Amino acid sequence: MPRPGQVKPETDERLSDRIAVGLLTRTFPPELVDRVVADCDRSGLRTRLLPPRVVVYFVLAMCLFSGQGYEEVARLLTQGLTWAKRWSGSWQVPSTAAISRARVKLGPEPLKALFAEVARPLATEETRGARYGRWRLVAIDGTVFDVPDSEQNAAHFGRPKTDRTERCAYPQVRMVALAECGTHAITAAALGSLSSSEPALARGLFGHLGEEDLLLADRGFTGVELWRAASAGGADLLWRIRSHQILPVCEELPDGSYLSEIVVAKDRKRADPTTVRVVEYTLHGTGLPEQDAPYRLITTILDPEAAPAADLAARYHERWEIETTLDELKTHQRGPAQVLRSRSPDGVEQEVWGHLLVHYAIRSLMHDTADATQLDADRLSFTRSLRLARRQVTAQAAFSP
């Protein structure tokens with residue numbers, strides 16, 4: 001019922017024309033969503049209960065409220081409606097079956113395209129912890145998500161083996177992500193089956209690197225060909241390699257580092273070497289994982305005056321920021337030990353892209369707050385920001401101008 005004195009306006013607007021979800025529409029405006037949906041050939045040809053724009057926002061809200069059922073998410077998405085007949089015709093919360101069919105029709109492509117359109121570096125010159133010298137610090141790493149145990153998911157993604165059984169409880173989808181160390185914003189990602197290696201997926205992300213980037217990576221990203229592919233666009237690299245790998249000392253440098261050469265495994269005559277600079281050190285009493293293990297880093301920055309060895313050793317440990325980023329995405333946002341809800345491969349990919357979009361929206365808000373208050377974004381709580389985003393959805397679910 002309308003409030004006393006409130007008059008229903010004469011309008012032909014649909015729910016999809018007026019729906020707003022606070023932070024999500026701030027980061028992903030309706031006009032952009034409509035354009036991406038049209039580019040992916042998913043535009044609706046007639047007015048329906050769940051037109052494509054609404055389904056996109058529903059998927060985002062579903063990832064924001066990952067512990068809620070479909071109908072509860074739809075109710076939260078439209079909680080701000082004063083009464084259903086503000087639009088021509090009526091609107092009711094769709095059934096779970098209707099939402100499932102709408103998600104299938106939408107597919108993963110619009111969510112993937114929306115992420116590619118929006119996800120950009122957030123750090124500025126003033127963002128604390130984002131830069132070292134002329135470089136923007138970025139890191140790459142991979143993770144996996146448990147997905148429902150359906151025949152489709154198991155056949156498409158595969159499932160890991162365990163020590164005690166050849167059959168793990170859930171199939172898994174693999175993701176490799178590129179993130180800014182200073183803002184924790186994921187700016188690029190690639191998905192694949194469990195059999196896809198992280199280095200193979202990483203190759204698809206190197207095109208997002210620029211000449212001002214310094215890419216940090218752990219020992220899982222190895223190989224001369226991968227090294228060359230990552231640096232081909234002009235980005236500098238700082239990667240950890242295994243301490244037992246043999247590297248010849250070509251020239252000792254004043255800061256304790258040295259120049260060396262790496263070659264592909266089949267180049268036994270070392271006919272096509274790549275010159276790198278090696279930094280070796282050991283950490284003690286820091287509380288960091290592997291604190292007493294020897295570290296061996298290689299970098300494309302050959303001049304010790306441009307980046308002394310001690311500085312590079314300190315900057316490398318910014319790589320742990322991406323570990324925190326993936327924990328935010330998988331534990332705090334999705335929920336600890338929660339399995340994704342989609343029982344088809346397309347639904348799984350759609351859901352993962354939705355989680356990436358929501359994480360980017362929250363991190364964008366945190367970056368703006370940090371810059372406005374001149375704080376390091378690391379000092380802001382992701383969990384509190386997540387709660388704020390959820391409150392914005394339920395408090396501002398309708399009537400945006």
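Reader: Why are helices H3 and H4 called roughly perpendicular to each other?

Author: Their axes (lines fitted to C-alpha atoms, for helices over the stretch in contact, with angles from 0 to 180 degrees between N-to-C directions) pack at an angle of about 110° and lie 9 Å apart. Angles under 35 degrees count as roughly parallel, over 145 as roughly antiparallel, 65 to 115 as roughly perpendicular and the rest as oblique. H3 and H4 are therefore roughly perpendicular. This is a predicted model, in which local features need pLDDT of at least 70 and side-chain atom pairs count only at pLDDT 80 or more, while totals for chains, interfaces and linings use all residues. Residues are numbered from 1 along each chain as its sequence is written, and side-chain values use heavy atoms, with hydrogens and water left out.

Reader: Which residues of H3 and H4 meet?

Author: H3, which covers residues 30-39, brings Pro 30, Val 33, Asp 34 and Val 37 against Pro 52, Arg 53, Val 56 and Tyr 57 of H4. Contact means heavy atoms within 4.5 Å. The H3 to H4 contact holds six nonpolar, no polar and two charged residues (Ala, Val, Leu, Ile, Met, Phe, Trp, Tyr, Cys and Pro are nonpolar, Asp, Glu, Lys and Arg charged, and the others, Gly among them, polar). Helices (H or I, at least four residues) and strands (E, at least two) are DSSP runs, numbered from the N terminus.

Reader: What makes H5 and H6 roughly perpendicular?

Author: The axes of H5 and H6 (residues 96-106) cross at roughly 85° and come within 8 Å. That angle falls in the perpendicular range, and H5 and H6 are therefore roughly perpendicular. Tyr 70, Glu 71 and Ala 74 of H5 touch Thr 96, Ile 99, Ser 100 and Arg 103 of H6. By class, the H5 to H6 contact has three nonpolar, two polar and two charged residues.

Reader: What makes the aromatic pair of Phe 58 and Tyr 70 edge-to-face?

Author: Rings of Phe, Tyr and Trp (its six-membered ring) pair if their centres lie within 6.5 Å; planes under 30 degrees apart count as stacked, over 60 as edge-to-face and the rest as tilted. This rule gives six aromatic pairs. For Phe 58 and Tyr 70 the centres are 5.6 Å apart and the planes stand at 85°, which makes the pair edge-to-face. Phe 58 lies in H4 (residues 52-64) and Tyr 70 in H5 (residues 70-77), 12 residues apart. Both Phe 58 and Tyr 70 are buried (under 20% relative accessible area; exposed is over 50%, partly exposed in between, with a 1.4 Å probe and protein chains only).

Reader: Why is the pair of Phe 115 and Trp 353 called tilted?

Author: The ring centres of Phe 115 and Trp 353 are 5.5 Å apart and the planes are at 45°, so the pair is tilted. Phe 115 belongs to H7 (residues 109-118) and Trp 353 to H13 (residues 345-373), 238 residues apart.

Reader: How do you know whether Phe 115 is buried or exposed?

Author: The relative accessible area of Phe 115 is 4%, so Phe 115 is buried. Trp 353 has 5% and is buried.

Reader: What makes the charged end of Arg 240 count as sitting over the ring of Tyr 295?

Author: NZ of Lys or CZ of Arg must be within 6 Å of the ring centre and within 35 degrees of the ring normal. The charged end of Arg 240 sits over the Tyr 295 ring, 3.9 Å from its centre. Tyr 295 is also part of a cluster, joined by ring pairs with Tyr 281 and Tyr 316.
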